[in-house]
Amino acid sequence: MAMIEVGLERQNFHPLKRKSALLLKLIAVVFAVLLFCEFLIYYLVIFQCNWPEVKTTAYDGEQASREPVLKAMFLADTHLLGEFLGHWLDKLRREWQMERAFQTALWLLQPEVVFILGDVFDEGKWSTPEAWADDVERFQKMFRHPSHVQLKVVAGNHDIGFHYEMNTYKVERFEKVFSSERLFSWKGINFVMVNSVALNGDGCGICSEAEAELIEVSHRLNCSREARGSRRCGPGPLLPVSAPVLLQHYPLYRRSDANCSGDDAAPPEERDIPFKENYDVLSREASQKLLWWLQPRLVLSGHTHSACEVHHGGRVPELSVPSFSWRNRNNPSFIMGSITPTDYALSKCYLPREDVVLVIYCGAIILDLENYPQLCGCRWNMKCHCYNSSYFLDTVRVS
């Protein structure tokens, strides 16, 4: 009887050892898939992005000079979920994706300035002070950056509300957090950041203030183009002699996305849907005012969550920057700009596709399911029963 028990123990030793090896293999596969999908894939994809080349030689008469190049990232519509509409799992998944994408881009690409073109939050238009503070804290964690990298943010309709929801409290709350400024100049380049939600043109108090600020910016830009020391411009410091880059949330007026194309443009069934002024795009009047007052050389906007490139008046290009979040797009992206005072070059950097990540996870699950029955000592198409080895030996002894 003792010999039978020893034989049974030896027979069960090798299956247990094999099952332990399979279990370790299963754990290793799960860990490897998590590591790849949650960390490494961001490095693999963003590593393929490169700053575009831009002409850096400027000629002043017969003299040539090398212009400084500013490396700028432009992203839009992060839509951090709030306390009402955001399920905790949805919030966790989307925010982790944006945090990893942003931090990876900072590390690999090393931009000097990052612009976020509105709708930073999803529920800023109605969030309580407590919910707002929580949203801001999460944003600051996700989009943390070194002190030498500047982060500039413009307001979107989800941050301060549509025109009929916007009020002074919400605007000041947003501007206090993001130190909003209308005019930003660096390396001889002028950026004008517009609160496009306030350009409804109906004379509301916030709208009147926004237009007055833009007229003042226009005056300063015009002075920079005129002869130095002009009486009309006064004795104050002059801006760089450079046509500005206009940054805002709403796009300038266009009929629809019918002429937009590309992998990250609006779906074909949505491109012919007419845009509503002051809701989907700025009004014709507001758009004409901005182009006339500021005379920009480039416009970047968000809001539509899809990519589009249009030319206003046949000469001023505008790029609609797609959403940065998986919640709004399967293939998020951001714009990389190499900008000098007289020229610029832009390229697009795509983030990992959500469907690719899901396919990898599904493949790993199928692989694990195929290995799991082997832990029970049976095949995939057979009924599987796992027994505790000591229970099995006790049963043999009784019989």
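Modeller: Happy to! On a 1 Å grid over the protein atoms alone, a cavity is a set of points where a 1.4 Å probe fits but cannot get out, a pocket is an open set with protein on both sides within 12 Å along at least five of seven lines, and lining residues have an atom within 4 Å of a point. That rule gives three cavities of 30 Å³ or more. The model is predicted: local features need pLDDT of at least 70 and side-chain atom pairs pLDDT 80 or more, while totals for chains, interfaces and linings use all residues. Residues are numbered from 1 along each chain as its sequence is written, and side-chain values use heavy atoms, leaving out hydrogens and water.

Let's begin with the largest cavity. Its volume is about 90 Å³ (the space filled by probe spheres set on points joined across faces, edges and corners). The lining is made of 13 residues, and A155, E175, S180, R182 and N195 are those nearest the centre. Two elements, β5 (150–154) and α5 (168–178), each bring at least two residues to this lining (helices are DSSP runs of H or I with at least four residues, strands runs of E with at least two, numbered from the N terminus). The top contributor is α5, with three residues. Sorted by class, the lining of the largest cavity has eight nonpolar, two polar and three charged residues (Ala, Val, Leu, Ile, Met, Phe, Trp, Tyr, Cys and Pro are nonpolar, Asp, Glu, Lys and Arg charged, the others, Gly among them, polar).

E175 and R182 form a salt bridge, their closest N and O atoms 3.0 Å apart (a side-chain nitrogen of Lys or Arg within 4 Å of a carboxyl oxygen of Asp or Glu). With a relative accessible area of 26%, E175 is partly exposed, while R182, at 17%, is buried (buried is under 20%, exposed over 50%, partly exposed in between, with a 1.4 Å probe and protein chains only). This pair belongs to a total of 19 salt bridges in the structure.

Next comes the second largest cavity, holding about 70 Å³ of space. Around it you will find L199, N200, G201, E211, S283, E285, A286, K289, L290 and W293. Helix α7 (residues 284–294) provides the largest share of this lining, five residues. Its classes come to four nonpolar, three polar and three charged residues. While you are looking at this region, find R284, which forms a salt bridge with E277 at 3.9 Å between the closest N and O atoms. Both count as partly exposed, E277 at 36% relative accessibility and R284 at 42%.

Now for an open space. The largest pocket has a volume of about 260 Å³, and its lining consists of D257, A266, P267, E270, I273, P274, F275, D280, H303, T304 and S306. Five of these lining residues are nonpolar, three polar and three charged.

Most residues other than glycine have a negative phi. Q110 also has a positive phi, of about 50 degrees, without being a glycine. Q110 lies in the loop between α2 (88–109) and β4 (113–117), and at 56% relative accessibility counts as exposed.
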